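Here is a short tour of two spots in one protein chain. Have a look at the sequence and the fold, then read on.

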Amino acid sequence: MDIKTCIMVVEAMPNNQSVLLVGKHGIGKSQVVRQLAAHFHAELVAAGKLRKDVPICDSTRKDGDPRVDSYLIDMRLSQMSEGDMIGLPLLVDGETRFCPPAWFMAACREPRIIFLDEINRATPEVMQAAFQVVLDYQLNGFKLHPESRVLAAVNPDAGGYSVNGMDPALLDRFAV
């Protein structure tokens with residue numbers, strides 16, 4: 001599928017429909033997501049729904065942490081722990097609550113694309129934590145901004161890749 005067709009397809013979907021790109025390494029899945037981010041960023045800025053000073057993506061990331069001040073929040077799930085996804089526990093009045101991660105809260109406050117790259121290389125715990133984001137567009141009671149989108153990418157579960165099988169219930173939540 002070429003980029004113009006991909007943009008048309010994703011644009012025709014509701015914002016709360018998660019999209020999964022499947023393909024071999026090196027074919028440009030991440031580049032497609034960056035081009036989708038540039039397209040939606042321009043539309044949101046033109047419509048006054050996103051500040052102009054929010055960069056499309058961060059190409060200078062040095063420590064591997066997602067930049068929450070860019071429109072595209074690029075997450076490498078293969079390098080994450082469960083706490084990176086759901087946040088850290090906090091005791092409040094004798095009850096455990098989770099402090100949501102900064103990347104998620106940024107996507108709750110204003111439009112963002114959350115890119116869950118390498119989701120099928122993540123640990124089962126991280127995949128389960130991603131499930132609520134993919135399905136409900138929320139995490140621990142916090143809902144994503146209505147203009148936020150969730151995109152993901154995987155290598156196929158064949159051909160010598162060291163990947164985990166995706167739960168069919170998780171896979172069913174994506175437009176593939």
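Let's start with leucine 88, which sits in strand β3 (residues 88–92); helices (H or I, at least four residues) and strands (E, at least two) are DSSP runs numbered from the N terminus. The model is predicted, so to speak of local features takes pLDDT of at least 70 and side-chain atom pairs count only at pLDDT 80 or more, while totals for chains, interfaces and linings use all residues. Residues are numbered from 1 along each chain as its sequence is written, and side-chain values use heavy atoms, without hydrogens and water.

Leucine 88 is exposed, with a relative accessible area of 57% (exposed is over 50%, buried under 20%, partly exposed in between, with a 1.4 Å probe and protein chains only). Strand β3 pairs with β4 (residues 95–99) in the antiparallel sense over five bridges; pairing takes at least two DSSP bridges. Across that pair, leucine 91 faces threonine 96 of β4. Two residues separate the strands of this hairpin, where aspartate 93 has a positive phi near 50°.

Now to lysine 29, in helix α2 (residues 29–46). Lysine 29 is buried and has no salt bridge, meaning a Lys or Arg side-chain nitrogen within 4 Å of a carboxyl oxygen of Asp or Glu.

Some distances for both spots:

| Pair | Distance |
|---|---|
| Leucine 88 and proline 101, C-alpha to C-alpha | 7.8 Å |
| Lysine 29 and aspartate 117, nearest side chain of opposite charge | 6.4 Å |
| Lysine 29 side-chain polar atom and lysine 24 backbone oxygen | 3.0 Å |

Definitions and conventions
Lys, Arg positive; Asp, Glu negative; His and termini not counted. Polar contact = N/O pair within 3.5 Å; in protein donor to acceptor, adjacent residues only side chain to side chain.
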